Amino acid sequence: MDDHERKQKESFVSRRALFKGAGVGVAGMAAAYALDKVGLLPDALTRGFSANKGFGEPPTDKMTYRTHPGSGDKISLLGFGCMRFPMLPQATSPGGTQIDERAAFALVDYALAHGVNYFDTAYTYHRGISEVVMGKALKRHPRETYFVATKMPGRLLPTLEQAKEMFETQLERTQLEYIDYYLLHNLQSVDVYQQVYEKNGVLEYLLEQKEKGRIRNLGWSFHGDEAMLEYILSRDVKWDFAQVQLNYHDLMHQYITPPALAAMLDALQVVPAQTQWMYEKVLAAELPLIVMEPLLGGRLARLNKKSLAILQEERPQDSAASWAIRYVAGLPNVLTVLSGMTYMEHLQDNIRTCAPFTPLTEKESGVLKSALDVFLSADNIRCTRCGYCMPCPYGIDIPEVFTHYNNCLDDELLPKDARHADYVQQRRAYLVSQERDVPELRRAERCTGCNKCVKQCPQYINIPQEMARLGKFVEELRVKG
Ligand code: SF4
Ligand code: SF4
């Protein structure tokens, strides 16, 4: 458990009192608020979405719905992920507590008005404030018009009493009497599962809450290794659904573990669950699936210039995000596809994709695979910006360091060869953009290799090794300048 998580665990009771005092202050805010922001986004944030500009309002009555086989709930194919709410201008971290409520309310209102009815949050998102803001936003709408998902943070290793307190806190934060879809959050290791859910009795407690109608459907989200998935599927529990990471990047591409990463995983005694293997397991278990990370933390919404051009040649009007969502939404057993939407433009684009949904044709699947091959020929780091590795005790902003590098790579601004005609220009652009995007004290070269982050990354990135590589890279750029 890291410092941040420990603090969360220790302080959840005191913050509960704070949330009690949080009123519905900005209820009734006009949904149109964020629309005028659309044209103001920097290109780096919108490139993958720009193709859909000028299409006007998405339809309000064309959303595709899928029926949960157990509850009969008709769930919108597009689900709203509440881990990346818009932030106030003074916010210091995209996953922090300073959510721009007015913009968040506008997104929620707009989503509901266009048929989105599934909202996914968690105890830990935005350090607890996501549940509060989402609850306040939804409270202004009839309860029967939406479904709410939230999660028990097993990684905080709650005792039974703490888990009970957390669940009550979640109901208070969200202002709900029942949770529609409740998850055991981020199952990663059998040890933690056994400790929290079996020995501490938290699973039995949650099943009791389901009996009482305070939880309507009980499931789990998975980021673990093979042993964890085998274990959870072998339990004598009737799970109502599962939330898993699916995207075309992981399913179309046969990932070969690099030797250095394989050595790290060996040392950790972890066998990562390959996506295809995991998907086949959950299919065989006949679990309705909630898809997370369909865009791989935004990487597939952005792509790089060459791969984006391949997609746009086939369908000039469609964004890269649209291709990615169409791919996963066409997979068997998928109930809804979550997207953590920060900007109105992202929401509108995703609504267009799902209202109504049309699956990829065989030819389009081939085009998507070609674009992926081009994308993978670059050396990008598969960080989804989930923030699970944070905080770093030495202050490194791990997701921002990786995002900056990936963005430069995608924009063909990565200086590689000093003999290249563009080298001086690219070198300068890289250093200037790093200056802008990652504060000096939070950069790769500050990494001490303490390894504290290593076990936290659900994407199994060898973070210290990547930090050493990027730190050395920047050092060389400086020297060559
Ligand atoms: S290995 Fe580096 S990035 Fe990871 S926690 Fe330690 S100092 Fe931070
Ligand atoms: S490095 Fe891993 S844990 Fe950290 S933000 Fe990226 S994907 Fe998440």
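**A walk through the predicted chain**

Residues are numbered from 1 along each chain as its sequence is written, chains are lettered from A and ligands numbered from 1 in the order in which they are written, and side-chain values use heavy atoms, with hydrogens and water left out.

Tyr248 sits in helix α9; helices (H or I, at least four residues) and strands (E, at least two) are DSSP runs numbered from the N terminus. Leaving aside neighbours within four places in sequence, Tyr248 is in contact (heavy atoms within 4.5 Å) with His253, Leu300, Leu303, Ala324, Tyr327, Leu368 and Leu372. The C-alpha atoms of Tyr248 and Trp323 are 9.2 Å apart, although 75 residues separate the two along the chain.

The chain as a whole can be described next. The protein chain has 19 helices and 10 strands. Of its 481 residues, 57% are buried. Among contacts with a separation of 6 or more, 80% are between residues 24 or more positions apart.

Helix α11 covers residues 275-284, and its buried residues are Thr275, Met278, Tyr279 and Val282. Seen down the axis of α11, these residues fall within an arc of 100 degrees, taken from the directions from the helix axis to the C-beta atoms, so they line one face of the helix. The cover over them includes β7 (215-222), α8 (226-234), β8 (241-245), α9 (248-252) and β9 (289-292). Just after α11, Glu286 takes a positive phi of about 55 degrees.

Some helices pack against each other. Two packed helices are described by the angle between their axes and the distance between the axes. The axes of α3 (residues 101-113) and α4 (residues 129-139) come within 9 Å and cross at roughly 50 degrees; axes are lines fitted to C-alpha atoms, for helices over the stretch in contact, and angles run from 0 to 180 degrees between N-to-C directions. That makes α3 oblique to α4, since angles under 35 degrees count as roughly parallel, over 145 as roughly antiparallel, 65 to 115 as roughly perpendicular and the rest as oblique. Glu101, Ala104, Phe105, Val108 and Leu112 of α3 meet Val133, Lys136, Ala137 and Leu138 of α4.

A second pair is formed by α14 (residues 320-329) and α15 (residues 344-354), whose axes come within 9 Å and cross at roughly 45 degrees. With that angle, α14 is oblique to α15. The contact is made by Ala321, Ser322, Ile325 and Arg326 of α14 and by Asp349, Asn350, Thr353 and Cys354 of α15. In α15, 11 of the 11 residues are buried, so this helix is largely enclosed by the rest of the structure. Charged residues such as Glu345, Asp349 and Arg352 are among the buried residues of α15.

Further along, Arg427 is found in helix α18 (residues 423-437). Arg427 counts as buried, at 16% relative accessibility. The C-alpha atoms of Arg427 and Pro415, 12 residues apart along the chain, are separated by 5.3 Å.

Definitions and conventions. Predicted model: local features only at pLDDT ≥ 70, side-chain atom pairs only at ≥ 80, totals over all residues. Buried < 20%, exposed > 50% of the residue type's maximum accessible area, 1.4 Å probe, protein only.
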